[in-house]
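Here are a few notes to read alongside the structure. Take them one at a time, and keep the 3D view open as you go.

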Amino acid sequence: MNEQLVLNHLIVSNPFVDRFNEGGPFFMSLILICLLLSVFLLVKGFIALKKTREQSEKMLKLTVDSSLLGLVLGFLGSVIGLITAFDSIEAFGDPDPAIFAGGLKVSLLTATFGLFSFVIARIGILILRWNLKEEKKD
(Lines give C-alpha, C1' and ligand atoms only; values in the text may rest on other atoms or scores of the structure.)
Protein backbone atom coordinates (compact mmCIF):
# COMPACT_ATOMS: atom_id res chain seq x y z
CA MET A 1 0.00 0.00 0.00
CA ASN A 2 2.80 2.39 0.92
CA GLU A 3 4.65 1.63 -2.35
CA GLN A 4 1.53 2.48 -4.36
CA LEU A 5 1.21 5.79 -2.54
CA VAL A 6 4.84 6.66 -3.26
CA LEU A 7 4.41 5.72 -6.94
CA ASN A 8 1.27 7.86 -7.25
CA HIS A 9 3.06 10.77 -5.57
CA LEU A 10 6.00 10.48 -8.00
CA ILE A 11 3.73 10.43 -11.03
CA VAL A 12 1.40 13.19 -9.88
CA SER A 13 4.13 15.57 -8.62
CA ASN A 14 6.52 14.98 -11.53
CA PRO A 15 7.47 18.33 -13.13
CA PHE A 16 7.42 16.79 -16.61
CA VAL A 17 3.86 15.60 -16.10
CA ASP A 18 2.92 19.06 -14.83
CA ARG A 19 4.40 20.74 -17.92
CA PHE A 20 2.73 18.16 -20.14
CA ASN A 21 -0.68 18.96 -18.64
CA GLU A 22 -0.07 22.72 -18.70
CA GLY A 23 0.71 22.59 -22.42
CA GLY A 24 -2.64 21.04 -23.18
CA PRO A 25 -2.97 17.27 -23.17
CA PHE A 26 -4.36 17.08 -26.72
CA PHE A 27 -1.48 18.65 -28.61
CA MET A 28 1.15 17.40 -26.18
CA SER A 29 -0.14 13.85 -26.63
CA LEU A 30 -0.01 14.17 -30.41
CA ILE A 31 3.57 15.43 -30.23
CA LEU A 32 4.49 12.62 -27.84
CA ILE A 33 3.02 10.10 -30.29
CA CYS A 34 5.15 11.61 -33.06
CA LEU A 35 8.24 11.39 -30.85
CA LEU A 36 7.58 7.77 -29.93
CA LEU A 37 6.82 6.93 -33.56
CA SER A 38 10.09 8.57 -34.64
CA VAL A 39 12.08 6.60 -32.08
CA PHE A 40 10.32 3.37 -33.09
CA LEU A 41 11.02 3.98 -36.78
CA LEU A 42 14.65 4.81 -36.05
CA VAL A 43 15.12 1.59 -34.09
CA LYS A 44 13.44 -0.34 -36.87
CA GLY A 45 15.72 1.42 -39.39
CA PHE A 46 18.84 0.48 -37.44
CA ILE A 47 17.68 -3.13 -37.20
CA ALA A 48 16.86 -3.19 -40.93
CA LEU A 49 20.32 -1.79 -41.68
CA LYS A 50 21.77 -5.25 -41.07
CA LYS A 51 19.22 -6.90 -43.37
CA THR A 52 18.17 -4.68 -46.26
CA ARG A 53 19.27 -1.20 -47.19
CA GLU A 54 15.93 -0.38 -48.84
CA GLN A 55 13.96 -1.08 -45.68
CA SER A 56 16.33 1.09 -43.67
CA GLU A 57 15.97 3.97 -46.14
CA LYS A 58 12.18 3.64 -45.98
CA MET A 59 12.27 3.85 -42.17
CA LEU A 60 14.53 6.89 -42.48
CA LYS A 61 12.03 8.69 -44.71
CA LEU A 62 9.14 7.84 -42.39
CA THR A 63 11.14 9.11 -39.42
CA VAL A 64 11.78 12.41 -41.19
CA ASP A 65 8.06 12.78 -41.84
CA SER A 66 7.01 11.92 -38.28
CA SER A 67 9.58 14.29 -36.76
CA LEU A 68 8.41 17.13 -38.98
CA LEU A 69 4.82 16.39 -38.07
CA GLY A 70 5.69 16.65 -34.36
CA LEU A 71 7.41 19.99 -34.98
CA VAL A 72 4.47 21.40 -36.94
CA LEU A 73 1.97 20.18 -34.35
CA GLY A 74 4.00 21.95 -31.66
CA PHE A 75 3.82 25.24 -33.49
CA LEU A 76 0.15 24.76 -34.32
CA GLY A 77 -0.58 24.19 -30.64
CA SER A 78 1.43 27.28 -29.80
CA VAL A 79 -0.47 29.47 -32.24
CA ILE A 80 -3.81 28.16 -31.01
CA GLY A 81 -2.68 28.80 -27.43
CA LEU A 82 -1.71 32.37 -28.30
CA ILE A 83 -5.06 32.97 -29.97
CA THR A 84 -6.80 31.67 -26.87
CA ALA A 85 -4.67 33.90 -24.63
CA PHE A 86 -5.43 36.96 -26.74
CA ASP A 87 -9.14 36.10 -26.75
CA SER A 88 -9.16 36.04 -22.95
CA ILE A 89 -7.30 39.36 -22.85
CA GLU A 90 -9.84 40.84 -25.23
CA ALA A 91 -12.70 39.56 -23.08
CA PHE A 92 -11.31 40.95 -19.80
CA GLY A 93 -10.11 44.28 -21.17
CA ASP A 94 -7.09 45.34 -19.10
CA PRO A 95 -5.44 42.07 -18.00
CA ASP A 96 -3.07 41.45 -15.13
CA PRO A 97 0.48 40.94 -16.50
CA ALA A 98 0.80 37.72 -14.49
CA ILE A 99 -2.22 36.24 -16.26
CA PHE A 100 -0.82 37.27 -19.63
CA ALA A 101 2.61 35.79 -18.80
CA GLY A 102 0.97 32.54 -17.72
CA GLY A 103 -0.93 32.35 -20.98
CA LEU A 104 2.23 32.92 -22.98
CA LYS A 105 4.07 30.23 -21.00
CA VAL A 106 1.36 27.69 -21.68
CA SER A 107 1.28 28.53 -25.38
CA LEU A 108 5.04 28.07 -25.69
CA LEU A 109 5.10 24.66 -24.02
CA THR A 110 3.77 22.89 -27.10
CA ALA A 111 6.32 24.59 -29.34
CA THR A 112 9.12 23.66 -26.95
CA PHE A 113 8.04 20.03 -26.81
CA GLY A 114 7.67 19.93 -30.60
CA LEU A 115 11.19 21.33 -31.00
CA PHE A 116 12.54 18.86 -28.45
CA SER A 117 10.98 15.90 -30.24
CA PHE A 118 12.28 17.20 -33.57
CA VAL A 119 15.85 17.54 -32.26
CA ILE A 120 15.84 14.06 -30.74
CA ALA A 121 14.57 12.55 -33.98
CA ARG A 122 17.05 14.57 -36.08
CA ILE A 123 19.99 13.27 -34.06
CA GLY A 124 18.84 9.71 -34.76
CA ILE A 125 18.26 10.55 -38.43
CA LEU A 126 21.78 11.91 -38.78
CA ILE A 127 23.29 8.81 -37.19
CA LEU A 128 21.21 6.48 -39.39
CA ARG A 129 22.17 8.43 -42.53
CA TRP A 130 25.81 8.26 -41.52
CA ASN A 131 25.53 4.48 -41.06
CA LEU A 132 23.82 4.14 -44.45
CA LYS A 133 26.67 6.05 -46.12
CA GLU A 134 29.25 3.93 -44.34
CA GLU A 135 27.52 0.77 -45.54
CA LYS A 136 27.39 2.10 -49.10
CA LYS A 137 31.18 2.65 -49.08
CA ASP A 138 31.85 -0.97 -48.08
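Predicted model: local features only at pLDDT ≥ 70, side-chain atom pairs only at ≥ 80, totals over all residues.

1. Before anything else, a word on names: helices here are DSSP runs of at least four residues, numbered from the N terminus.

2. Now for the overall layout. The chain has 5 helices and 0 strands. If you walk from the N terminus on, the elements read α-α-α-α-α.

3. Next, the record. An unreviewed UniProt entry carries the annotation "transmembrane region" for residues 26-47, 68-86 and 106-128. In the model, residues 68-86 are 100% helix and 0% strand, with 27 Å between the end C-alpha atoms. Residues 106-128 are likewise 100% helix and 0% strand, and here the end C-alpha atoms lie 34 Å apart.

4. How much of the chain is buried? Of its 138 residues, 29% count as buried. The chain exposes about 9300 Å², and carbon and sulfur atoms supply 72% of that area. As for contacts between residues at least 6 apart in sequence, 79% of them join residues at least 24 apart.

5. Let us zoom in on Ser117, which you will find in helix H5, covering residues 97-137. Is Ser117 buried or exposed? Ser117 is buried, because its relative accessible area is 3%, and the cut-off for buried is under 20%.

6. What surrounds Ser117? Setting aside neighbours within four places in sequence, Ser117 is in contact with Ile31, Leu35 and Gly70. The side chain of Ser117 also reaches the backbone oxygen of Gly114, at 2.9 Å.

7. Phe116 belongs to a nonpolar surface patch of about 410 Å², made together with Val39, Val43, Ile47 and Ile120. The elements giving two or more residues to this patch are helix H3 (25-49) and H5. Which helix gives the most to the nonpolar patch? That is H3, with 3 residues.

Methods: Residues numbered from 1 in each chain as written. Heavy atoms only, no water. UniProt positions renumbered as here; feature names shortened; annotations may be inferred. Buried < 20%, exposed > 50% of the residue type's maximum accessible area, 1.4 Å probe, protein only. Contact = heavy atoms within 4.5 Å. Areas by Shrake-Rupley, 256 points an atom, 1.4 Å probe, with all protein chains shown as cover. Polar contact = N/O pair within 3.5 Å; in protein donor to acceptor, adjacent residues only side chain to side chain. Patch = residues over 30% accessible without salt bridge, like charges linked within 9 Å, V, L, I, M, F, W, Y side chains within 5 Å. Salt bridge = Lys/Arg side-chain N within 4 Å of Asp/Glu carboxyl O.
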